[in-house]
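Please look first at the sequence and the structure shown below.

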Amino acid sequence: MSKVVEISPTTRHEGHSKLVMQVNDDGIVERGDWLSITPVRGIEKLAIGKTMEQVPKIASRVCGICPIAHTLAGVEAMEASIGCEIPEDAKLLRYILQCANRTHSHALHNILSLPDMHIPGTDVKINPFTKEEPVRSAALRIQRLREIAQTIGEIVGGEAIHPSNPRVGGCYKNITPRAKAKIYDLAKEGRLLAQEHMEFMISVFRDFQTRGTTEVGGVEVEIPDDLGYHRQGYMATAPMYGSSSLDANPTWFPERFTEVRPWDWYMGEVEISEADPNYPIGGTTPVGNKAWPQMEACTGVPLYDGQPIEVGPRARLVQFKNYDEKGAMGLQIARQMEFPDTMYGILDAVDALNTSGPVVADKIPQGDGSLGWAANEAPRGTDVHLARVKDGRVQYYSLLVPTTWNFPTCSRALTGAPWRLAEVIMRAYDPCVSCATHMLVIDEDKRLVAQKLIQ
Amino acid sequence: MDVLGNYKSVISARSTDKDITKKSQDGGIITTLFAYALEEGIIDGAIVAGPGDEPWKPEPVVATTKAELLAAAGTRYTISPNLNLIKEATRSYGLDRVGIVGTPCQMQAVRKAQLYPIGMRDVDDKIALALGIFCMENLSYQALEAIVEDHCNQKMESVKKMDIGKGKFTVYTERGAVSQMPLKLLSKYVQPGCNVCLDYVANLADISSGSVGSPDGWSTVFVRSMKGNAVWDGAIAADLFETKPMDQVKPGLDLVTKLATEKITKNQKNVDARKTFGLKADGTAKGLRNPYETP
Ligand SMILES: Cc1cc2nc3c(=O)[nH]c(=O)nc-3n(C[C@H](O)[C@H](O)[C@H](O)COP(=O)(O)OP(=O)(O)OC[C@H]3O[C@@H](n4cnc5c(N)ncnc54)[C@H](O)[C@@H]3O)c2cc1C
Ligand code: SF4
């Protein structure tokens with residue numbers, strides 16, 4: 001007889017979400033629903049009628065960990081709609097910003113994941129705040145990597161959180177030769193740290209893969225070999241940056257996207273029948289409470305080719321580097337493997353940057369209402385913004401953000417796992433729930449919006 | 001009242017660098033100190049009032065060379081929003097040690113941004129040298145034009161130097177003419193915001209400098225902070241300044257104190273008057289905001 005257990009709220013990720021799971025007598029998940037319960041803020045609706053300059057600055061405030069993604073996808077969706085090609089040096093500044101933010105975000109996520117892991121070869125769980133080695137030097141390395149990344153982001157982006165420099169048509173400012181030299185120095189230091197750090201993090205996740213059990217709230221839980229496996233596909237538009245409808249050969253296809261309501265996809269009303277007051281910290285939802293994922297989920301369910309798919313570091317590596325490791329740890333390892341490329345990316349781009357080149361397009365059309373889209377490979381995966389701009393004002397705006405894509409996929413990946421490890425699987429996706437929570441794109445008659453988009 | 005602020009020493013001084021004193025307003029203190037700080041790596045750039053697109057209209061710039069500092073030397077008696085660049089200097093300019101010059105109100109802004117950095121991330125620890133200039137009041141660009149072109153009857157383009165002192169606003173042209181306007185006509189042109197200003201000698205700067213108190217071509221210099229002290233001692237050791245003890249120059253510190261007291265007393269009255277500026281329907285006073293008090 002299956003029982004229902006609920007972890008609410010989930011922790012050590014961005015935003016507000018919960019896990020509702022049907023489990024068998026052994027506590028193994030038969031069907032899991034992971035859903036956002038973050039209040040919808042309605043960015044897409046309030047964007048309508050505002051200027052194309054303003055909307056990406058508002059969209060940036062969707063999330064403070066990956067504001068770069070929303071700023072760049074937002075600005076570039078506007079540029080795609082109005083048909084504006086930006087100067088080469090503006091592209092390079094944006095590229096550096098993108099790489100820097102990815103470093104910072106992945107390093108930050110390490111802090112969130114490490115407490116589930118053990119010091120390799122021991123039974124000691126990692127407390128990132130401890131002064132003991134080897135954790136202390138890893139923590140210091142993480143903070144230095146983040147500091148380097150945020151500083152570089154600040155120089156090219158104007159601001160590390162909510163970058164001020166990108167604008168429709170390019171960037172407000174190029175950087176000085178001194179700033180360029182500073183980026184070199186920082187990225188050279190960062191490159192060595194990133195390599196060292198990647199190796200450390202991979203050894204930690206590999207250690208978890210080879211362990212038989214791990215302790216969660218006083219219970220010794222068996223770790224299945226296929227922890228977090230799923231059979232969904234992957235979606236990625238580029239190894240580092242992204243794609244847009246201005247590209248000669250775009251790598252994202254709006255006609256392959258559809259979206260269904262949570263109603264069609266999540267579980268109906270259930271009563272909690274299993275609980276563990278010792279689940280860290282504060283216990284799970286007590287028995288007798290009700291949950292109704294269909295009604296409570298605050299995101300739509302986006303599908304690509306009719307299926308939920310995975311986006312993020314592994315999807316990028318699968319698509320562009322033939323990576324094939326599955327499961328939660330496979331995803332974590334893929335994320336670490338992205339570290340060195342971010343610093344190499346910065347070094348290459350800053351090398352190519354001409355600090356006296358123009359960074360704003362000569363002409364910025366005001367738009368005729370055509371649909372444009374831009375996909376940005378955010379730290380957590382493909383972030384697509386779609387827009388129609390007419391006479392400088394936004395007529396239509398929609399966000400398809402990484403964690404929204406991952407919600408249904410990760411839910412599927414819970415099946416077969418002990419429920420006490422569900423959060424470990426979820427954290428492998430580096431969820432950003434604020435990002436994911438947005439208005440549904442589907443209309444009243446459940447007509448597929450993508451069809452409307454390409455009409 | 002402590003009208004001159006805290007300071008470690010006050011000196012009358014003049015730069016020994018002739019290139020600088022040719023262009024500077026008074027003793028060339030600011031330009032010389034920034035050039036020295038740049039060379040010593042104390043700062044890697046300074047926000048100064050550079051040339052703008054109209055004559056005598058300053059435009060804040062980040063100077064990283066002596067030539068850029070020289071181009072910005074001298075006083076422009078109109079608003080130069082130097083703080084506009086304080087954050088950008090640490091961004092696209094990539095500075096780690098920022099120098100900034102400004103009037104007393106601008107020094108207040110710098111210090112406030114350091115202690116209460118609202119939207120000023122990573123600025124506080126990058127302020128390396130804040131140099132203040134004395135300031136009695138400031139003018140809008142239109143006001144300056146009216147004074148120069150109407151009252152003094154000179155073209156802005158022809159003017160070589162402007163100076164306030166000895167009760168007069170004086171304009172020197174490149175072709176040698178000198179025109180003056182009595183300062184008592186100035187008040188209607190003053191930026192209204194200057195009427196609540198309670199700082200004359202840039203009390204919050206690391207070092208502040210002005211003309212009052214010292215002879216022509218010399219400056220009165222207050223060395224205030226530890227940082228200011230170290231920079232000043234270094235510049236003296238490098239023979240960058242001629243100095244005279246303040247009590248041996250005319251008109252001396254008494255005049256500085258007198259003018260500072262006058263400014264503060266007059267403006268404190270303006271601040272107080274705002275409290276009872278208006279009337280409510282019931283006949284009681286309804287005031288204007290006072291930024292020096294918590295509402
Ligand atoms: C509006 C105003 C009012 C002043 N009132 C008085 C006064 O009542 N009594 C007095 O003794 N001195 C006053 N001064 C200061 C004086 O004019 C000189 O600036 C000061 O003595 C420094 O001279 P210096 O030769 O050491 O500096 P310099 O080497 O000539 O350098 C002056 C520096 O000030 C900067 N600067 C010029 N104009 C402005 C501006 N508008 N805002 C901000 N920075 C600027 C320049 O870029 C330069 O870096 C005033 C200055 C201003 C701008
Ligand atoms: S009088 Fe005061 S407020 Fe006005 S410019 Fe001078 S320092 Fe600033």
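## Ligand 1 and its surroundings

In this predicted model, a polar side-chain atom of B:Asp26 lies 2.7 Å from an oxygen atom of ligand 1. This is a polar contact, meaning a pair of N or O atoms within 3.5 Å, and the table sets it beside two others.

| Side chain | Distance to an oxygen atom of ligand 1 |
|---|---|
| B:Asp26 | 2.7 Å |
| B:Thr31 | 2.5 Å |
| B:Ser209 | 3.3 Å |

Taken alone, ligand 1 exposes 900 Å², of which the protein buries 98%, the areas coming from the Shrake-Rupley method with a 1.4 Å probe. Helix 2 (29-40) of chain B gives the most to the shell around ligand 1, with 3 residues; helices here are DSSP runs of H or I with at least four residues, and strands are runs of E with at least two.

The model is predicted, and local features need pLDDT of at least 70, side-chain atom pairs count only at pLDDT 80 or more, and totals for chains, interfaces and linings use all residues. Residues are numbered from 1 along each chain as its sequence is written, chains are lettered from A and ligands numbered from 1 in the order in which they are written, and side-chain values use heavy atoms, with hydrogens and water left out.

## A sheet in chain A

In chain A, 4 strands form an open antiparallel sheet in the order 9-15-16-17, where strands pair if DSSP finds at least two bridges between them. Strand 9 (242-244) and strand 17 (393-400) each have a single partner strand, so one side of each is left without a neighbour in the sheet. Strand 9 of chain A is joined to strand 15 (residues 368-378) of chain A by 3 bridges, and A:Ser244 stands opposite A:Ala374.

How values were computed. A polar contact is a pair of N or O atoms within 3.5 Å; within protein, one must be able to donate a hydrogen and the other to accept it, and residues adjacent in sequence count only if both atoms are side-chain atoms.
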